[in-house]
Amino acid sequence: MTAAVTVDEALLGLKVTFLVLLYLFVWLVVRSATRGLSAGAPQESIILPASEASALRAAAGIQTGRVVVLASPALQAGTAIELTDSARVGRGAENMIRLDADTTVSSRHATLSRRADGLWVEDAGSTNGTFVNGARVTSARLLQPGDVIRIGHTDLLVEA
């Protein structure tokens, strides 16, 4: 009978040890998951005017590409479009530069990309093509200031 009590006591000790280790594990997981939450105040979103955003980009060394609308059935002539990364052009809602009123533009017509070496244009397999200074774009092409991009009936002048 003494041997049975010793086995029961040993099992009880193992159960208690298991529970202590389980609670210790859960505590460590919760502690590591919440470690960075109280580090500081949450970051607030701000909206900057275009002039301040341009000044911040220049100070940070971020270059932008700029195109100006010369003529378009969808955009107002003289509208300047700043490009910091890449922008798809087309009639679809997912495009940054939407040309809904231009019926000769494909849903996903072209992409204007700002890269380290300048502004690039690439046709996205459009039906009517993308043109730079009257020449059809067949592969990604580096643009120069003064180039005119023609997408459908829309002409964009590259400024920078």
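**The mixed sheet, strand by strand**

Mentor: In this predicted model, strand β6, which covers residues 118-123, pairs with β9 in the antiparallel sense over 2 bridges. Within that pairing, valine 121 lies opposite arginine 141 of β9.

This pair belongs to an open sheet of 5 strands, whose order is β4-β3-β5-β6-β9 and whose pairing is mixed. The edges are taken by β4 (97-98) and β9 (141-142); each has a single partner strand, so one side of each is left without a neighbour in the sheet.

From β6 one may turn to its other neighbour, β5. These two strands run antiparallel and are joined by 6 bridges; arginine 115 faces glycine 118 of β6. Together β5 and β6 make a hairpin, with 2 residues between them.

The next step across the sheet leads from β5 (residues 110-115) to β3 (residues 86-90), an antiparallel pair held by 4 bridges. Here serine 86 is placed opposite serine 113 of β5.

For context, there is also an open sheet of 6 strands, ordered β2-β1-β11-β10-β7-β8, with antiparallel pairing. Its edges are β2 (80-83) and β8 (135-136), and each of them has a single partner strand, so one side of each lacks a neighbour in the sheet. Inside that order, β1 (residues 65-71) and β11 (residues 154-158) run antiparallel and share 4 bridges, with valine 67 having valine 158 of β11 as its bridge partner.

Note on methods: Residues numbered from 1 in each chain as written. Predicted model: local features only at pLDDT ≥ 70, side-chain atom pairs only at ≥ 80, totals over all residues. Heavy atoms only, no water. Pairing = 2+ DSSP bridges.
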